[in-house]
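Subject: A structure for you to look through

Hi,

Here is the structure I promised to pass on.

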Amino acid sequence: LRVGLLLSGFFILLYPGFAMAGSPAIPFWNSGLLPVISMVNGIASGGLALAVFLATTDQIDQTVWPVSILWFEQVTLCLLALITFVYMVAMTNAGAAARLSASYLMTQQPMLFWTLAVGAGLVIPITSISVVLAINAAPLNLLWIALAARIVGDVSARYALLKGGI
C-alpha cells in the first residue's frame with residue numbers, strides 16, 4: 001500500500017508538467033523543465049504543509065523541532081526559485097512565441113507572476129523559514145503565514161504557466 005501510494009503521489013506530481021510539455025503547439029509549454037517545475041512545486045507545498053501539521057499536532061516533541069524538515073523545505077523552495085528563473089530565461093531565449101509568452105507574464109501580468117507566484121509563493125516562505133531556522137524554534141503563526149503564502153503562490157504559479165501559454 002505504501003509503495004502504491006508513493007508511486008501514485010510521484011505520478012500526480014509529474015503528470016501536469018508532462019501533459020503540458022507534450023503540447024508542441026504551445027512553445028511556452030514545450031520544455032523538459034515543465035515536469036520538473038510541477039514536481040518541485042508540489043513537493044515544496046506538501047513539505048511545508050507537513051511541517052505545519054507536525055508543528056501543530058502532538059506528533060512530535062515541541063522541544064525538539066524537526067529542523068531537517070525545514071532545511072529540506074528551504075532547499076526545495078530555493079531549488080524551485082532557481083528552476084523558475086532558468087525556465088523563464090530559457091523561454092525568453094527560445095522562439096518568438098515562447099519569448100512573447102514569457103514577456104507577457106513578466107511585464108503585463110506583474111501582479112500574477114511577480115507578486116503572487118514569486119513573492120507569495122517563494123519569497124515569503126523562504127524568508128519565514130529562514131527566520132524559524134535562525135531562532136531555532138517553530139512559531140506557529142509564522143509557519144501558518146508561510147503555508148498560506150505558499151499555497152497562494154503555488155496556485156498562482158500554475159495559473160501563470162497556463163495563462164502564459166495561452
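Below is what turned up, starting with a pair of helices. Keep in mind that this is a predicted model.

**Where H4 meets H5**

Two packed helices are described by the angle between their axes and the distance between the axes. Here the pair is helix H4, residues 96–108, and helix H5, residues 110–135. Their axes come within 5 Å and cross at roughly 75°. Angles of 65 to 115 degrees count as roughly perpendicular, so H4 is roughly perpendicular to H5.

Which residues make the contact? From H4 there are Leu105, Met106, Thr107 and Gln108, and they meet Pro110, Leu112, Phe113 and Trp114 in H5. Sorted by class, that contact has 6 nonpolar and 2 polar residues, with no charged ones.

Gln109 sits in the loop between these helices. Is Gln109 buried or exposed? Buried means under 20% relative accessible area, so Gln109 counts as buried at 18%. Leaving aside residues up to four places away in sequence, Gln109 touches Tyr104, Trp114 and Lys163.

**The nonpolar core**

The largest nonpolar core has 35 residues. Those touching the most other members are Phe28, Leu34, Leu70, Tyr87, Met88 and Leu161. Two or more core residues come from each of helix H1 (2–21), helix H2 (33–56), helix H3 (67–92), H4, H5 and H6.

**Along H6**

How many salt bridges does a search of the whole structure find? There is 1. Asp154 forms a salt bridge with Arg158, and their closest N and O atoms are 2.6 Å apart. Both residues are in helix H6 (residues 140–165), and because they are 4 residues apart, about one helical turn separates them. Asp154 counts as buried, at 9% relative accessibility, whereas Arg158 is partly exposed, with a relative accessible area of 29%.

Ser156 is in helix H6 too. At 8% relative accessibility, Ser156 counts as buried. Its contacts, with residues up to four places away in sequence not counted, are Leu112, Leu116 and Ala117.

Cheers

Technical notes. Residues are numbered from 1 along each chain as its sequence is written. This is a predicted model: local features need pLDDT of at least 70, side-chain atom pairs count only at pLDDT 80 or more; totals for chains, interfaces and linings use all residues. Side-chain values use heavy atoms; hydrogens and water are left out. Axes are lines fitted to C-alpha atoms, for helices over the stretch in contact, and angles run from 0 to 180 degrees between N-to-C directions. Angles under 35 degrees count as roughly parallel, over 145 as roughly antiparallel, 65 to 115 as roughly perpendicular and the rest as oblique. Contact means heavy atoms within 4.5 Å. Ala, Val, Leu, Ile, Met, Phe, Trp, Tyr, Cys and Pro count as nonpolar, Asp, Glu, Lys and Arg as charged, and the others, Gly among them, as polar. A salt bridge is a side-chain nitrogen of Lys or Arg within 4 Å of a carboxyl oxygen of Asp or Glu. Buried means under 20% relative accessible area, exposed over 50%, partly exposed in between (1.4 Å probe, protein chains only). A nonpolar core is a set of buried Ala, Val, Leu, Ile, Met, Phe, Trp, Tyr and Cys residues joined through side-chain atoms within 4.5 Å.
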